[in-house]
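Please open the structure in your viewer and keep the selection tool at hand.

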Amino acid sequence: MAALYEGYTLCGLVPEQNLSNSGVRGIEQERDSDHVVVTDSTRSVTMYKVSDQKPLGRWTVKQGQSLTCPAVFNPKTKEYVAVSDNQVIRIWKEEDVLLDKTFKATVSSDIWRVHCAHGGDPVVLFQRGAVRLLDSLLSAPQQPIEEILAQEEAIRWSTNIVAETQQFVIFTTEQKGDTLIYLQGLNPNTLQRYRLEREEPGLSPLSFSVTYKDKHIHLLYLYPNGHVYQSVLSVRGLGTEEGLQALQVPRGLLLALPVGEGLLEAASALVLDEAHVAVVGVPHPSAGACKDFLCIWNTNFQTLQAGKEMAGKIYGQLWCYSNKLFIPHGKTLSVIPFVCPKSSLASALGKLKQAKAEESKSPASVPSWNKILHGEKAQPSRTVETRKMRTSRKSQSTLCLSADQVLDLIKTAPIEAVQKEVEGLLSRSDIQDLQPCVGQLVSILVSRSLADPSFYIPSTLAQLVHTQCLCHSACPDLVLLALEKKDYFLCQLCLQFFPDIPEAVTCACLKAFISLPDIDAEKASLEPDSISFVEALISRERAQVSFQNGYGTTTCEDRSDDPSEGGGIIKEKEKTSAPSEQICPVGLHKAVLLNEVLQTAYSETFLLPHLKDLSSQHVVLFLQYLQFLYLKYSQDDFPQMHGLRSPSLTQIMDWVCLVLDAHFTMLVMIPEAKGLLLNLHSFVKSQVRLVSELGKIEGSLQELKNMKVKKEVGQYSVEIIELF
Amino acid sequence: MGEFKVHRVRFFEYMPSPIRAMAFNSRTDRLAVARGDGAVEIFNFADNYFQEKVIPGQDSRAVEALCWVGQRLFSAGLNGEITEYDLENLRPKYTVMAYGGPAWTLSMSTECFLCQVGCEDGTVKMFEILEERIQFQRNHDRQKGRIISLSWHPSGTHIAAGMMGMIRIFETETGSPANKEVVVWSVAFLSDHTVISGDSAGKVQVWDGFTGTLIKTHLITKWDVLALSDQSSLVAGTSEGTVTQFQFLPLIVGQQDKEWVRTRTFKNHSHDVRALAHTETAVVSGGMDTQLVVQPLLDRVEKNTQESALRKIAFPHRSLVCCAKKSGLLLFQFPEHLELWRLGESDGHGKPGDSLPVRKKPEKLIHLKRKGEDHICCSALSPCGGWLAYTTVSSVRLYRLQYNNNSISIKKLPKLPKELCSAHQLCFSSDSSKLFASSKHSSVIVVALGQSECKYLHTLKPKSGYGTTEQPVHLLFVSEDSKWLAAANTGCEIHIYNLNKLKLHCTVPVYSSCPTAIAIHPVTSNLVTVHANQQIFEYSLAQKEYTEWSRKLQKQGLHNLWLERDTPITHISFNPNNQAHIILHDMFMLCIIDQSLPLPDRKTLLYNQMTLRSVPESERLRHSHAFKICKNFQHLLCVSTLEDQALVVVERPLLDIMSQLPAPVRQKKFAT
């Protein structure tokens, strides 16, 4: 779950009298994540160190002049760029004290904004839609500036991104109720123009937010009716002819935020990561109509993840730099740190065992939904993620830093070193703290093992699985890797500890286990508890001298009920075939492994298609084993081994049914399966009978309960009683 | 045996008052319980927890604390007075003003005959207990907040006072500071100078009384710890309705170092536990939910005995309902007022188990508010319905009722004889010509009723002399032919007066257990008595000896299940159709004893109605025995016969009482 932490005040504000404007023109990142430049709506620019809540420098234009665009910092030249009185570009350095004495250049047209994206050059966007690189503009300040926009068209919002090699300026305009998007590429210059689908008449977007991912620009925008849409624009546009008519861009509704009564006025939505959106100025769904909230929504699950009431009026302004939200409200500018850990299916379904611990800590390394679904490698957002992790970890402890070092080290170090380091890391600290690292460790180890066949450290992996901090979605390849390496112990551990093994993998394990020669199986060292359970089962089989029919009572009843069925024959058959059924058809270790499979969670619909892959031989063997288990379980003196992990009778029965469902036609045709089928049929019959008897008992108990209900007695009644 | 038409009445909205304070006198085995309306009840724990005496409340009297000194009972209340009660005449003996605002607590030192009162103004006032009164002695240093709780050190040299936020020990002047704003609801001062406090923060704290240091804190509830009581172990009641027991035990078996350890928790109440008493064998608790609960401590009683059973006393052990047989009227007694109802009527006949259609609904005829401050202590309605009388500790009022078709007139008799100034019990003769009122010293005043006036006739007195007590009369019964009057007092004596001769006829041999109900058979003139220990006797007034049946019953003994019932028989009447039938009831059952049938022996099934119903009629006689017990009706306040042979059953379901209580402390329950 995303979380908003306790915020702090960066500075006080001087909002306008009628509170229509917060007094902040803009906030831009400075040299690093801890420094920002705040431009107020009048005359000054202030540079803050955020974590210290302290201004480090302040520059003011002369009385009578005003800043018309937020100052930006150009990290390449370490210069600040701002625009005063629409046409005067000002450039200064940190050591300059007086703004008047610094560089000025007057241009021929009104400037809308100066942008400087991280890793890009400063770009100037003119109010009439033209775009120039700052350098080229300064070389000839009075150069003529063309008009791109139509007469009644005006820019509403703009930004600047660096997409791989090319820099883009994106701006939206409004013209007679239409919202248009311009995508201006620089070097080479390209211009694309799109039109947004119209929302209800009269509504135009309140805010925009842009992210770049996989050669596509994702534009997110919020309408006053609370709808948040996303449109995807390709960087490689279709046509580059200028002035062409604007294509309508498709949109997808991401969220429909509750707006309470009326429309939103000052609100803003900001993309935080793939799945999270921060929203201000929208009412909290469970807090009535008050709109002074900052909320984080998950767009995948459409859930509200965190919310915070902000004191004072919200102006609909919101900035986000490196895990901190900057929000002007009332008379203050607050900084609110947040985390948005990746959501995984496991954690969303509540299956992840340490989900709780994860919530409050930094994001886990469990890969996100999308990655599982589309099978992507964990690369695109890698930089973001690690930065996020580093910053959050910095504040946690020094220990995690060393975990980082370990992460780096295991990518290249030899086996012994890796083993030693991981062991050290695990022994050193509280497992809870390690949660995120363990996931990363394993995924790195697994990918290295896959890439390099000679690299495989079973003991370390087993140790990591034992921490119980892992789930299958965190390291999807681990189980298959273990199978490939014939590391059955690890397989067993994974089956035991992972709550979310997909049915395909479960089936793969089953197939591998059942086809495993017993000799190989005996070589594997498995968990002692599960071995002792099967040992107990088998040893009882040997020790048993007198034959005891486990399901005898029910079948006996069967016979008395319906003698025509030829129960006597069945009985004889049982007697003769019983000894063979009472012998475990598989070896000890194999049985242990199969038991693990029986105990995994699954969904029938997903399991059935994979079960069909089993060969007839294996099916029969598996059924024989299941039959053996069933017989053992239904024996009257079956010992209750509570301490030991063991499949339950219902699990066994369910698997019998599943396997039969998957292979029935095939089994009917195999002669050697006939006896087996007959036996299984009688098991199922006895189970059905048991359930129906239970149903009858339930019915009579229900009746008893109904009988107990006393009739209502009013205030006064005249009754006749009889005494005997 | 027969069918009965039963008027099942549930419109008596009787509401017991919450329990506020309790004091147990271990020497006499009596428990005094004070209720929210100021009434004080005395329970005799030695006699099957019978509610022996009830001292009615008063408007202004809100008792906050009770205290026994020897046989004397004192109370202090929010009216700022200290009251001593006259337990023979069931009234306050005298009151002394403490002059400190509302009094919150009262503590007596048995050693030096001193009593201390904690007052609103922060003073602890010390009174000397004299033979006939109490006298103010001196004030302790005045404290800042009100004194909520007091406890004497058994030696009488020190006293611990609990107030807002602190406990102070007087005489040594070592205070134990507590910074938080908590109310120390109760303190207990133990002989080893340990002070134990229960406070509004839910803690029971053990303090060293010499140094004022905290030894141990037990957090037992999220809410207030309201009451503490100590004996060899200590119990604390909380506002969640739980009672927690602490015992002073060695932490390791066999070692000397002992510590107060929390041992048991009982949850017998739904609301605040306001008062606690610790007897030798049990914890007695009471509170907002109005029930008195006796929870035996199983390590101190023999298992599976009557003593080891949990007891809840919900209803008073006396009748609050009076039924006028001849006119089908019911009189309900509340502390503040009386209600007179006329029963409804129904049509036709029905099969057993049927409810008959009600042709006429019951009708509330009169709502009579009492005069003055004192609460009503007893009331009576004449069998014809023409007279109504009630009494408080200070006065008796008599009303003449006249019914003209649909209207009803009520007239107070202006002048009552001066002898009739107060009474504990009232009773009309069956022809409504006489009123009997029990008065002080076990005497009974006889008043003749005329058309609109009344005349004092006589005072019946038991023979005074050796062995007689002067206990108040709590039961009166006049025989149908108005020849005999039976009067039972809490000293277990039953006197029989011959009304024709206006003199004592005889005294029934005194039985050790207090009678809970008496009645004289209309035909045979045998006196039937039932006692707190559930024994039943039949005494022939003519022969002045126990009847044959009674002897047989005593010889054979009553059935165990009968003896194990935990509510007393509160009313006896007779079936006018069959003179062998005695109709009795307690809170949970209605019983008809058929004297013509064999008595059940130990092996017989006592509750055999279901069995009898299932066997064919011819065999029923073989299976039946004298005790016909009907459990169709529960929470009974009264069962009475009407002239038309119908029965009137007045029920007050406990659930209805519970539903009228204020909401208890809200507790978060799973999935709510």
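## A walk through chains B and A

Start by selecting chain B, which holds five helices and 58 strands. Keep in mind as you look around that this is a predicted model. Chain B has 672 residues, and buried residues make up 59% of them. Contacts in chain B also reach along the sequence: of those between residues at least 6 apart, 48% join residues at least 24 apart.

**Stop 1: a serine in a strand**

Next, select strand 53 of chain B, residues 571-574, and pick out Ser573(B) within this strand. Is Ser573(B) buried or exposed? Its relative accessible area is 5%, so Ser573(B) counts as buried. Now show what surrounds this serine. Leaving aside residues up to four places away in sequence, Ser573(B) touches His581(B), Ile582(B) and Ile583(B), together with Val639(B), Ser640(B) and Thr641(B).

**Stop 2: the cysteines**

A disulfide is a covalent bond between the sulfur atoms of two cysteines. How many disulfides are there over all chains? The count is zero, taking a disulfide as a pair of cysteine sulfur atoms within 2.5 Å. Select Cys471(A) to see one example: the nearest cysteine sulfur belongs to Cys475(A) and lies 7.0 Å away, and Cys471(A) is in no disulfide. Cys471(A) has a relative accessibility of 1% and therefore counts as buried.

Then jump to Cys115(B), which is in no disulfide either. Here the nearest cysteine sulfur is that of Cys67(B), at 7.4 Å. With a relative accessible area of 0%, Cys115(B) is buried.

**Stop 3: two packed helices**

For the last stop, go to chain A and select helix 12 (residues 503-514) and helix 17 (residues 588-598). Two packed helices are described by the angle between their axes and the distance between the axes. For helix 12 and helix 17 of chain A, the angle is about 165° and the axes are 10 Å apart. Angles over 145 degrees count as roughly antiparallel, and helix 12 and helix 17 of chain A are therefore roughly antiparallel to each other. Turn the view and you can follow helix 12 of chain A as it passes helix 17 of chain A in a left-handed crossing.

Now show the side chains at the contact. Helix 12 of chain A brings Thr506(A), Cys509(A), Leu510(A), Phe513(A) and Ile514(A), while helix 17 of chain A brings Lys590(A), Leu593(A), Leu594(A) and Val597(A).

Note on methods. Residues are numbered from 1 along each chain as its sequence is written. Chains are lettered from A and ligands numbered from 1 in the order in which they are written. This is a predicted model: local features need pLDDT of at least 70, side-chain atom pairs count only at pLDDT 80 or more; totals for chains, interfaces and linings use all residues. Side-chain values use heavy atoms; hydrogens and water are left out. Axes are lines fitted to C-alpha atoms, for helices over the stretch in contact, and angles run from 0 to 180 degrees between N-to-C directions. Helices (H or I, at least four residues) and strands (E, at least two) are DSSP runs, numbered from the N terminus. Angles under 35 degrees count as roughly parallel, over 145 as roughly antiparallel, 65 to 115 as roughly perpendicular and the rest as oblique. A crossing is left-handed if the near helix is turned anticlockwise from the far one by less than a right angle, and right-handed if clockwise. Contact means heavy atoms within 4.5 Å. Buried means under 20% relative accessible area, exposed over 50%, partly exposed in between (1.4 Å probe, protein chains only).
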